[in-house]
Every structure is written in structure tokens, then in C-alpha cells.
Amino acid sequence: MGCFGFLKGMMFVFNGIIFLAGAAILGVGIWVKVDSGSILGFLGKIDNAPAELSQVLNVGYLLIAVGALLVIIGFLGCCGAVKESRCMLLLFFIIVLLVFIAEVAGAVVILVFRPLADELFMKVGTAAVQNIRKDYGKNPDVTGLWNTTMSTLKCCGFYNASDFIGSPYYVKNDNKYPPLCCPGSENPCNQTYNSTTIAGCFPKVKQLVDENTVVIVGVALGIAALEICAMVVSMGLYCRIKSTMA
């Protein structure tokens, strides 16, 4: 009974973590879809954006699906342990195994198609710069979206301040960049004092991802290890219940 109780306890621990992780991912997915001012929603409104971007922008639905699946997995695991249901435990094992295989396949796809992702970012960058130079300072919606994005991320333009050269705002304001590009500077925000401008939004996001690569990889490996442990414990509990019923 000691071993059996230990297995049940571990099932609660693993599935409690899975349930909470699923709820967090579900919340983030809902936030991404609801928040029209998010960076993803902003990218979707850029004129001449590459067609491939529309598929990437569905990440909100993907997060909602993954979060809901993890919540269901956590619920199945806990109920299976409490009720000592072999059916629930087996279903839990199968779902976690399928999720694990899908994650491995997804990681392989990301590694294989990394060059395509770089090409997509280049296309998005070209469209973003064209969008700035055509409508920033003329179209209130575009101007507001860029200002919100730059204010939130503390950045300037897509690549850098030079993205604004030739834009309606730049022409109307004596060849000056937006004030958001030179926060706290007393000098005119223009090419003469270009050193006072802050980094572009894309380089800043890329830097943030690069700086947290170790954390991201660690979390991914931790989730994979958790799933493997959960499968081992669930199958051990399943076999234990089966032997007691024999």
C-alpha cells in the first residue's frame, strides 16, 4: 500500500502542475486573441504583409487548444488516480504520449524550417517599413498602432529610427523622428543626433528571445521530463490497479 499511495501522490503532483500550466497557457491564448493591440494583432494589420504571416497569427488559437488539452489531461490524471479508474489512466497515458510525440515532431519541424522563418521575418520587415513610410503620421490608425507598440516595447521603428525617413510624419516635422525614438533626450530627434535613438522593435524582441534561449530550452526540457514521468507513474498505477483486481 505504501508504494501504491506514493504512486497516487505523484499522480496528483504531476497532474496538478500540468493543470496549472494548461490554465496559464489557456489564459495567455485568450489574452492574445482578445487584446487587439498586441504585437500579433498589430502585425496582422500591416499592409502587404506576407501571406504566410496569417498562419503564424493563429498562435492564439494554438495556445488555447494546447492549454485546454493540458487542463483536460490534468483532470483525467487526477480523476483516474482518485477513482482508481484504469480507463482514465490509460486514456491519460495515450493523450500525454501523443502530445509528447507532437512536441518532438514540432521541434524537428522548427529546426528543419528555420531558414524559412528567417525569410518570413525579412518579408515582414519589408512590409513594416513600407507601412511606416506610407502611413505613419497620415493614417491615425496606423500611427496609433505604431505608437502603442513602440511605447509598450520601448523601441523605435521596426529595424531602427531610419525606418521613419520619408514618412508623412518625418516630412511634416522638419525631418524629425517621433519623440518615442529619443526618450529623455533634449536634442532634436533627427539624423544629426541619431545616437540618442533607441533600438528597433524587431531587434529588441530578437534580443529578448536570444537572452532567454536557455530559459526557454530549460522549460521545454522540463515539460518533456514531466510528461515522461507522468506517463511512467500513470502506467505504474494502471498496472498496480490491474494486479489488485486480478
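Mentor: Contact means heavy atoms within 4.5 Å. This is a predicted model, where local features need pLDDT of at least 70 and side-chain atom pairs count only at pLDDT 80 or more, while totals for chains, interfaces and linings use all residues. Residues are numbered from 1 along each chain as its sequence is written, and side-chain values use heavy atoms, with hydrogens and water left out.

Trainee: How many helices are there in the protein?

Mentor: Helices (H or I, at least four residues) and strands (E, at least two) are DSSP runs, numbered from the N terminus. From that end, the elements run α-α-α-α-α-α-α-α-α-α. The strand count is 0, and the helix count is 10.

Trainee: Is Gly29 buried or exposed?

Mentor: Gly29 sits in helix H1, residues 2–34. Buried means under 20% relative accessible area, exposed over 50%, partly exposed in between (1.4 Å probe, protein chains only). Gly29 has a relative accessible area of 0%, so the answer is buried.

Trainee: Which residues is Asn15 in contact with, leaving aside its neighbours within four places in sequence?

Mentor: Asn15 also belongs to helix H1. Its relative accessible area is 0%, so Asn15 is buried. Beyond those neighbours, its contacts are Ile73, Gly74, Gly77, Cys78 and Phe92.

Trainee: Which helix gives the most to the nonpolar patch?

Mentor: Like charges are joined within 9 Å, nonpolar side chains (Val, Leu, Ile, Met, Phe, Trp, Tyr) within 5 Å. Here Val104, Val108, Val109, Val112, Phe113 and Leu116 make a patch of about 520 Å². With 4 residues, the top contributor is the helix of residues 86–112, H5.

Trainee: What is the relative accessible area of Val112?

Mentor: Val112 lies in helix H5 and is part of the nonpolar patch. Val112 counts as exposed because its relative accessible area is 55%.

Trainee: At what angle do the axes of H7 and H9 cross?

Mentor: Thr149, Met150 and Leu153 in H7 meet Cys201, Lys204 and Val205 in H9. The axes of H7 (residues 140–153) and H9 (residues 201–211) come within 11 Å. Axes are lines fitted to C-alpha atoms, for helices over the stretch in contact, and angles run from 0 to 180 degrees between N-to-C directions. The crossing angle is roughly 35°.

Trainee: Is that crossing left-handed or right-handed?

Mentor: A crossing is left-handed if the near helix is turned anticlockwise from the far one by less than a right angle, and right-handed if clockwise. For H7 passing H9, the crossing is left-handed.

Trainee: What is the phi of Asn175?

Mentor: Asp174 lies in the loop between helix H8 (168–172) and H9, and its phi is near 55°. Asp174 is exposed because its relative accessibility is 64%. Asn175 lies in the loop between H8 and H9 and is partly exposed at 42%. Asn175 is not a glycine, yet its phi is positive, about 60°.

Technical notes: Patch = residues over 30% accessible without salt bridge, like charges linked within 9 Å, V, L, I, M, F, W, Y side chains within 5 Å. Areas by Shrake-Rupley, 256 points an atom, 1.4 Å probe, with all protein chains shown as cover. Salt bridge = Lys/Arg side-chain N within 4 Å of Asp/Glu carboxyl O.
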